[in-house]
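Let's take a walk through this model together, going from ring to ring and from charge to charge. Keep the 3D view open as you read.

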Amino acid sequence: MPTPSLAALPIRRLTLRDLNACADLSEDRGWPREEHKWGLLLSAGRGFGIDDPEGGLVAACVVTEYGAWGRPDLGAIGMVLVAERHARRGVGRRLMQHVLSTMGTTPLTLHATPYGRPLYEELGFKVTGRAEMLRGRFTPGGPEPTVATRAATAEDLPAILRLDEEVFGTDRTPLIARLPAFADQLRVAEEDGRLVGYTAAWPNMDTHVVGPLIARDTETAKALIASLAARTERPLRTDIDVRHEELLAWAKERGLASVAFNAAMTYGIAELPGDWTRRFAPLTVAAG
């Protein structure tokens, strides 16, 4: 039988049963397999993919929706991947057009690599910011943090969700409620019994990714990062909004080196909702 053309292959919903195929696709493009992250995104979001008649996936991506159930007011697109053997044949464009059609009038956001940015711009996405990826072994130093931090408890989850919605600008309960099981550490900063920040460290290959990082101010963000670093032997990795220049300089002074820059892009809105001054790093750039 003749092999169907790429344009004729159907786009379908992905589920957790596709986790290995998604990890294989990451590996095919030279990315880490990241099964742990794929598992979170496929359970909290909606995956879309194209099956390869010869096995595996031609392409995949995930959309994480935020806001009221069934009526999202923001969608984050991530993990847009096309198998190397099918690259540069319009598959990524077709998959993205399908997502845009599926999401209708819902505003969208994504983080684009320099390689993917031209396609997203052609589709109507606009650059609204940048994030700098840092990686390295954290070296303590300087004055001791003055902000109190501690491990989060189950009783903290409602306050974490309220703070996250206030800062992010929309309800992310399906994603944030999974943090206690997903992350190796979940910590909060508080003042006079009130939460003023929270963060998590979750395992990704040989690193611990710091994110999300929500904090009242830069000193609170520093205290939260330092508290995570003191409790892991792994290198840290995080993606910090470049507008937070003081935090970036501090992190680099303590051993985290710049790895790459990604463009933050939006579709259907001029800029992201919420308060960027308290939003220091995403859980993952794939989910905003």
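Let's begin with the aromatic rings: the count comes to 5 aromatic pairs, where rings of Phe, Tyr and Trp (its six-membered ring) pair if their centres lie within 6.5 Å, planes under 30 degrees apart being stacked, over 60 edge-to-face and the rest tilted. One of them joins Y120 and F125, whose ring centres lie 6.0 Å apart with planes at 65°, so this pair is edge-to-face. F125 also pairs with Y267, and here the geometry is tilted, with 5.0 Å from centre to centre and 40° between the planes. This second pair ties together parts of the chain that are 142 residues apart in sequence, because F125 lies in the loop between α4 (117–122) and β6 (126–136) and Y267 in strand β12 (residues 257–267). Helices here are DSSP runs of H or I with at least four residues and strands are runs of E with at least two, numbered from the N terminus.

Y120, F125 and Y267 form one aromatic cluster. The cut-offs are under 20% relative accessible area for buried, over 50% for exposed and anything in between for partly exposed (1.4 Å probe, protein chains only).

A word on the model itself: it is predicted, so local features need pLDDT of at least 70 and side-chain atom pairs count only at pLDDT 80 or more, while totals for chains, interfaces and linings use all residues. Residues are numbered from 1 along each chain as its sequence is written, and side-chain values use heavy atoms, with hydrogens and water left out.

R130 lies over the face of F261, 4.4 Å from the ring centre, and R243 sits over the face of W276 at 4.2 Å. For a charge to sit over a ring, NZ of Lys or CZ of Arg must be within 6 Å of the ring centre and within 35 degrees of the ring normal.

Now turn to the salt bridges. The structure holds 25 of them, each being a side-chain nitrogen of Lys or Arg within 4 Å of a carboxyl oxygen of Asp or Glu. In one, R85 meets D52, with the closest N and O atoms 2.9 Å apart. That pair links distant parts of the chain, with R85 in the loop between β4 (71–82) and α3 (91–103) and D52 in the loop between β2 (46–51) and β3 (57–68), 33 residues apart. R85 is partly exposed at 44%, while D52 is buried at 7%.

E191 and R216 form another salt bridge, at 3.0 Å between the closest N and O atoms. This pair, too, links distant parts: E191 belongs to strand β8 (residues 185–191) and R216 to the loop between β10 (207–215) and α8 (218–229), 25 residues apart. E191 is partly exposed at 36%, and R216 is partly exposed at 30%. E84 and R88 make a salt bridge at 3.2 Å, with E84 partly exposed at 36% and R88 exposed at 64%.

R216 leads us on to R278, which touches L163, E166, V167, L213, I214, A215 and R216, not counting residues up to four places away in sequence; contact means heavy atoms within 4.5 Å. R278 lies in the loop between β12 and β13 (279–281) and is buried, at 18% relative accessibility. What does the side chain of R278 make polar contacts with? Its partners include the side chains of E166, at 3.0 Å, and D275, at 2.8 Å. A polar contact is a pair of N or O atoms within 3.5 Å; within protein, one must be able to donate a hydrogen and the other to accept it, and residues adjacent in sequence count only if both atoms are side-chain atoms.

Finally, look inside. The largest nonpolar core has 39 residues, and W38, L179 and Y198 have the most contacts inside it. Such a core is a set of buried Ala, Val, Leu, Ile, Met, Phe, Trp, Tyr and Cys residues joined through side-chain atoms within 4.5 Å. Leaving aside neighbours within four places in sequence, L179 is in contact with L186, Y198, A200, P212 and L283. I160, in helix α5 (residues 157–168), is buried at 1%.
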